[in-house]
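Subject: Structure handover

Hello,

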Amino acid sequence: MRGVGAVLNRLSNGLCFKYPTTSFSPLRNDFLGRSLLSSLSSSFNNSDSVCSLIYEQKQSHCQVNLRQIWTYPPVCMGRRSCKIAGRKGAQDAKKAKLYSRIGKEVVSAVKKGGPSPISNTVLAALLEKAKELDVPKDILERNIKRASDKGQEAYIEKIYEVYGFGGVSIVVEVLTDKINRSVAAVREVVKDYGGKMADPGSVMFKFKRVRVVNIKVTEADKDQLLAIALDAGAEDVIEPPIYEDDADEDKSESYYKVVSSSENYMEILSKLREEGIDFETDNGSELLPITTIEVDDEAMDLNKELISKLLELDDVDAVYTDQK
């Protein structure tokens with residue numbers, strides 16, 4: 001149907017068909033479609049007869065409503081809608097990775113110390129952290145039960161270091177029960193998307209491990225947030241990047257990052273609750289680059305694709321980069 005529509009559109013030089021609205025297409029179960037198909041096949045080489053046929057069928061099937069056959073795809077919704085959808089997808093993916101990581105840590109803790117949080121202090125601490133991070137209770141219960149399976153092995157944490165495009169460094173955090181599987185998967189993605197595996201220690205020194213509280217810019221004034229955070233012992237408050245083409249709605253979805261050590265983290269959360277400021281916690285810790293690297297648009301897009309593909313791996317829990 002699309003092919004015939006394209007041919008007719010070219011031959012008719014912009015003519016359009018008028019037909020009843022009850023027909024979805026002029027080629028669907030009606031005399032016009034059947035006539036055009038049979039006539040087109042018999043007289044395809046004679047353009048004059050085809051154009052004449054189109055004109056005659058057009059005159060005999062004129063109805064009230066006018067509809068045009070489009071032979072090209074519709075225009076995309078727009079970049080801002082894509083940015084919003086992409087941001088929401090990234091937030092959902094981040095939350096899924098958080099739940100996955102907590103589940104793996106629960107399995108490892110139960111494997112080592114048993115399923116009772118009373119006797120297993122590591123598990124008790126994990127359950128408290130999960131409560132702080134708003135991890136659903138059914139995920140915790142499912143992973144505690146899963147740890148008792150005979151075939152389930154304990155999870156091991158691994159870190160892989162990668163060189164991206166434009167001199168960018170990437171750190172991949174993995175929590176896996178099969179080391180050989182995880183390293184093979186990471187190496188394959190890095191190779192396929194143009195990165196390069198780095199030697200241990202060649203990238204990690206460019207990052208520092210901290211605790212982070214994420215606060216939407218609409219939830220707090222910058223000066224107010226600085227006063228609260230620094231009074232509670234925070235190390236820094238990082239403002240969100242601002243781009244010239246960002247709409248007001250894009251800016252409202254940006255976040256401040258309150259950076260602190262593990263010792264002061266709970267106090268900061270308590271202060272924010274007292275002030276009535278909504279926040280999002282991290283996944284236990286984050287790696288922040290000590291300095292950032294600015295790259296061109298092409299390198300940025302390639303690095304984003306590489307990071308996105310790494311995050312799709314089941315064993316990968318987090319990916320960090322020093323790209324600005």
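Helices (H or I, at least four residues) and strands (E, at least two) are DSSP runs, numbered from the N terminus. The model is predicted: local features need pLDDT of at least 70, side-chain atom pairs count only at pLDDT 80 or more, and totals for chains, interfaces and linings use all residues. Residues are numbered from 1 along each chain as its sequence is written, and side-chain values use heavy atoms, leaving out hydrogens and water.

**Sheet**

Four strands form an open sheet in the order β3-β1-β2-β9, with antiparallel pairing (a pair needs at least two DSSP bridges). At the edges sit β3 (196-197) and β9 (316-321), each pairing on one side only. Two bridges join β1 (residues 156-163) to β3, in the antiparallel sense. Lys196 in β3 stands opposite Tyr163.

**Helices on the sheet**

Angles run from 0 to 180 degrees between N-to-C directions; axes are lines fitted to C-alpha atoms, for helices over the stretch in contact. Contact means heavy atoms within 4.5 Å. Helix α7 (residues 179-192) lies across β1, β2 (169-176), β3 and β9, at about 15 degrees to β1. Helix α11 (residues 297-311) also packs on the sheet. It touches β1, β2 and β9, and its direction makes about 160 degrees with that of β9.

**Lys104**

This residue lies in helix α4 (residues 79-113). Lys104 counts as buried because its relative accessibility is 6% (buried is under 20% relative accessible area, 1.4 Å probe, protein chains only). A polar atom of its side chain lies 3.2 Å from the backbone oxygen of Asp314. Lys104 also touches residues including Tyr155, Leu175 and Asp317.

Best wishes

Terms used:
Buried < 20%, exposed > 50% of the residue type's maximum accessible area, 1.4 Å probe, protein only. Polar contact = N/O pair within 3.5 Å; in protein donor to acceptor, adjacent residues only side chain to side chain. Lists of a residue's contacts leave out its neighbours within four places in sequence.
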